[in-house]
Amino acid sequence: RGSAQACRESWSWREGDVRKVRMRLERRPVSVERTRGSEILFGVAPCSLALAQPHRDLFRLFLKQGSGSRRLVTSELVLQATARGVPVRHVPRRELDALCRGQVHQGVCLEASPLRFKSLEEAAKPDLGDEEKPNRQLVWLMLEQIQDPMNLGALLRSAYFLGVDRVVTSQRNSCPLTPTVSKASSGAMEVFDVYSTDDLRGFLKAKAAEGWEVVGTVSNPEDVENVPVISCLEFQWNKPVIIVIGSEGDGLSPETQLLCHRMLAIPPGRALHPGIESLNVSVATGIILHSICSQKLRHSD
């Protein structure tokens, strides 16, 4: 009996010792050598779309070991990587967690070169085919100092989905095109070119001189002076239009407001309590874009 008890105690000690060693290993920081200047994309959609597009240099695809429930997705990613000549590594989950600093990676990370904004000079010759046709209904989205990557990603996703022809951001105080933006856009950032300008007001003045309508957005119509404000439901679209969206905290700057021909507001569905009188910028933009882009669909029928 004494021998059996000693054996159980010995086994219990070894089991506890193994557990401690395992926990120490799991806590040990993972070090993965990175290509200089690279970044880590994460999530199935951003990684898959980046593999399918020629916009980035791609270095390594990291997949979670033993992803049985995602075998089909994993197989497709491996095929995409193989077609691009990208090495594939199957790694433990904690290595993926470390690569993307704890973000939701869905078992997939991709080491790649960063995406940059395109300059408007690169857009001097539009690739929109029939853009020069007189009756072509164009809608561009202009973003002034959007700083939150989740908001920028959601804006790009809505703009892509709803048929916006081009997105332009201000360079100053604006969020760059990071992996977090790509994930928040569900990969739309990988397929949808985003332009930037260091002279937002000069850009708007030039487009207005070309016959475009410049339309701003506002959450509280009482905040606007010297520019007519209408409901987004009343807006009638009969020429190319630029929709200008302001920053999360302050909205459009007063100088930019004065360059707008009209301002659009979203009518609330009830009397609102103070402090919750506005929508998140990406949600509000989605509503306004749908209101305008649905006219585009009707006129193209």
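I began at Ser170, which lies in strand S7 (residues 166–170). Helices (H or I, at least four residues) and strands (E, at least two) are DSSP runs, numbered from the N terminus.

Before going on, I noted the ground rules. This is a predicted model, with local features needing pLDDT of at least 70 and side-chain atom pairs counting only at pLDDT 80 or more, while totals for chains, interfaces and linings use all residues. Residues are numbered from 1 along each chain as its sequence is written, and side-chain values use heavy atoms, with hydrogens and water left out.

Is Ser170 buried or exposed? Ser170 counts as buried, at 7% relative accessibility. Here buried means under 20% relative accessible area, exposed means over 50%, and partly exposed is in between (1.4 Å probe, protein chains only).

Next I followed the side chain of Ser170, which reaches the backbone nitrogen of Gln145 at 3.0 Å. That is a polar contact: a pair of N or O atoms within 3.5 Å, where within protein one must be able to donate a hydrogen and the other to accept it, and residues adjacent in sequence count only if both atoms are side-chain atoms. I then listed what Ser170 is in contact with (heavy atoms within 4.5 Å). Leaving aside neighbours within four places in sequence, I got Met142, Leu143, Glu144, Gln145, Thr197 and Leu200.

Gln145 itself sits in the loop between S6 and helix H5 (149–162). I have it down as partly exposed, because its relative accessible area is 21%. Its phi is near 60°, a positive value in a residue other than glycine. I wrote a reminder beside that: most residues other than glycine have a negative phi, and most peptide bonds are trans.

Asn173 went on the page too, with a phi near 55°, also positive in a residue other than glycine. Asn173 lies in the loop between S7 and helix H6 (179–184), and it counts as partly exposed at 39% relative accessibility.

**Rings**

How many aromatic pairs does a search of the whole structure find? I got three aromatic pairs. In one of them, the rings of Trp140 and Phe203 have centres 6.2 Å apart and planes at 5°, so I filed the pair as stacked. Trp140 is in strand S6 (residues 139–143) and Phe203 is in helix H8 (residues 200–209), so this pair ties together parts 63 residues apart in sequence. The rule I used: rings of Phe, Tyr and Trp (its six-membered ring) pair if their centres lie within 6.5 Å, and planes under 30 degrees apart count as stacked, over 60 as edge-to-face and the rest as tilted.

Both partners are buried, Trp140 with a relative accessible area of 4% and Phe203 at 10%. I also saw that ring pairs link Trp140, Phe203 and Trp212 into a cluster.

One more ring note: the charged end of Arg166 sits over the ring of Tyr195, 4.7 Å from its centre. For that I need NZ of Lys or CZ of Arg within 6 Å of the ring centre and within 35 degrees of the ring normal.

**Thr285**

I moved to Thr285, in helix H10 (residues 281–300). Thr285 counts as buried, at 2% relative accessibility. Its side chain reaches the backbone oxygen of Val281 at 2.7 Å. Apart from neighbours within four places in sequence, Thr285 is in contact with Leu141, Leu155 and Ile245.

**Val91**

Val91 lies in strand S3 (residues 88–91) and is buried, with a relative accessible area of 2%. Not counting residues up to four places away in sequence, Val91 touches Phe62, Leu63, Lys64, Gln65 and Leu96. I also checked Val91 against Val108: they are 17 residues apart in sequence and 9.8 Å apart in space, C-alpha to C-alpha.

**Cysteines**

How many disulfides does the structure hold? My tally is zero disulfides, a disulfide being a pair of cysteine sulfur atoms within 2.5 Å. Cys109 is buried, with a relative accessible area of 0%, and Cys260 counts as buried at 7%.

**Whole protein**

Last, the totals. I noted ten helices and twelve strands in the protein. Buried residues make up 43% of the 301 residues. Of the contacts with a separation of 6 or more, 86% are between residues 24 or more positions apart. The accessible surface comes to about 17200 Å², and 50% of that belongs to carbon and sulfur atoms. Areas come from the Shrake-Rupley method with a 1.4 Å probe; for residues, only the protein chains shown count as cover.
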